[in-house]
Amino acid sequence: MQLTKPITYLFAALMLVMVQSANAALTIDITEGVDGALPIAVVPFDTSALTVKFPVDLAQIVASDLNRSGVLKSMDRAQLPATPHYSKQVQYARWRNAGQDYLVVGRVLEKSSGLYTIEFQLLDVLKQRQLVGRSMPAKKRNLRSRAHQISDFIYEQITGTRGAFDTRIAFVRAQPDAARKYVLQVADTDGFNPQNVLESDEPIMSPSWSPDGKSLAYVSFEGKRPAIFIQQLATARRTKVSGFRGINSAPSWSPDGKHLALVLSKDGSPDIYTMNTATKRLKRLTEHRSIDTEPVWNHDGRTIIFTSDRSGSPQLYEVSVDGGKPKRITFEGRYNAAANLSPDGRYIAMVHSDRGQYKIAQLDRETGNLIVLTDSALDESPSFSPNGKMLLYASTRGNNGFLFAVSIDGRAKHKLSDQAGDIREPVWGPFKSK
Amino acid sequence: MKLNPGIKSWLLVTLVVAFVSACTTTQEELSAGGDGAPVLDESQSGSSAIADGSSGSDGAEATGLDGADGGDGTAIVDYGAMTAMEQLNRTDGELADRTIYFEYDSAKLTSESIAILETHGNFIAGNGEVKVRLEGHGDERGSREYNIALGDRRAQSVRRVLLFQGASSDQVETVSYGEEKPMEMGHDDAAWSKNRRVELIYTVN
């Protein structure tokens, strides 16, 4: 990842139209820790060279990012044996004695007002050497994003897997007592910087990210009927792409960004269609009097996985994008719906129910094993992180919906909690382009 | 039969009010029993207004007309002499029942529900100026999009009975809200059974 690139481009990607300031930020609670997570200490970055107080705590953002992964466990700040800011200030023995495998040190320099240089080093405590060191420019506006990029660097250095901290999530917030009852929002993966995409008095549903991360497709009932819209995030310009009689629902972007899969009932019962987003031409993929819904594309763009109750209860099926006979792919449990595919296509996450409880489960398509990842009663809307290591989902607690993330081995789980409203339908956005 | 003068003048007022509002909003939703259901305002567009951040006019919520009390319960009512709107405004009688309930993951109608819907179907068939919107709903369990499909299936079940009774297909519109608009907020069987429903929302042109 190259971080010295002009950052104007990143700004453009982050710039969403704010209908009004979205004040309720999400906060993170780690609900389940993980045995065997690798210990890492992130020392507060040195900001003593700055003329004005630095607005964010970079080390804190990085430490909590790494904790959420379940792979790393950052040391409690109060326990840090020292506060070095350069590798040459580090006495490795002290960190080894404190049980740490890795150490992150850094500092912030000011080039001009509001223009910074962030430098950091990731050190291997046992080998007593630097693994990686970087210097990156930063502006006041993108400091949190820069911190997430540092987390991505560290995560990739240690695990070999690309980090997904510097990405975004979209979700729907219902606020029954507010003037606008439904809000589609986009936020950072730690819940910060929530920004409104659409506000409405009528339900908003089923957001789907375009593969380039620049647009969202969603369902809005604002005309008292469902319609599918595609909205560019930077400009808020949007197009209604489907407003047929009956159901217009469950949009899902193809991997090449040229098609949407969607559900229409204009010809009778709900069926799966694809639409060329340029020509709006439709192709019908299923034709069955049962419910067919929730299409998602396989990573190769050749097949679509969807929910159907043609066997009597909802199960997942797979159909070619050219049509033909769908093949059933789930057999365990009476209820399997709302599929979401890992980026490599190996895993299918779904809402799974056996005895009246609705949980998130994951099917390994190579082994055929289905594992249940959550243990509450009303879980829904699973969505993979772009690196395939975490699943975001919604769960009801009391009278509100909250977002949770669970590692795909089910070992680490955290909650994105929130004081106001009822949050649902999270979808994890793609990697930002390098 | 004769309505007593008090009721007569009340109905007159109701009709005038209804006429005036019909002129301003093109269509007026009637809620049985005056439960404060929002008026269906067909004139709203609400598309670009939301996206560009200006507050649109689509958010307007008004209160449905209160149901006219058709009397003390002993009066004999001659439906034939009443306008469609008068009949819909009655809080008693067969047309006042406008919510049909369903079992879990089912769109099957009970015989009681069919009887209620037959009355509605006859009424719609006999009053060409009447339209009905069937709003299908589900409980919160399971996936949201599957529940949209389930709400649609329930609305279609209701629609079939109405059409069978002679309602014309352009008088009957369906929409499914899935689990997005629960009637009850709880997370137990009592709440769920109230949320699995189809609501009949009438308009009179």
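Chain A has an accessible surface of about 17,400 Å², taken by the Shrake-Rupley method with a 1.4 Å probe. Carbon and sulfur atoms hold 47% of that surface. The model is predicted: local features need pLDDT of at least 70, side-chain atom pairs count only at pLDDT 80 or more, and totals for chains, interfaces and linings use all residues. Residues are numbered from 1 along each chain as its sequence is written, chains are lettered from A in the order in which they are written, and side-chain values use heavy atoms, without hydrogens and water.

**Chain A**
- Chain A has 4 helices and 30 strands; these are DSSP runs (helices H or I, at least four residues; strands E, at least two).
- Of its 434 residues, 60% are buried, meaning under 20% relative accessible area with a 1.4 Å probe, protein chains only.

**The interface**
- Chain B brings 38 residues to the contact and chain A brings 45; contact means heavy atoms within 4.5 Å.
- The buried area between the chains is about 3,600 Å², which is the accessible area (1.4 Å probe) lost on being put together, summed over both.
- Carbon and sulfur atoms give 50% of that buried area.

**Salt bridges and the chain B side**
- The interface of chain B and chain A holds 5 salt bridges (a side-chain nitrogen of Lys or Arg within 4 Å of a carboxyl oxygen of Asp or Glu).
- Arg153(B) and Asp309(A) form a salt bridge at 2.9 Å, N to O.
- On the side of chain B that touches chain A, α2 (48–51), α5 (144–164) and β4 (172–178) of chain B each give two or more residues.
- α5(B) gives the most, with 8 residues.

Definitions and conventions
Buried < 20%, exposed > 50% of the residue type's maximum accessible area, 1.4 Å probe, protein only. Buried area = accessible area lost by both parts, 1.4 Å probe.
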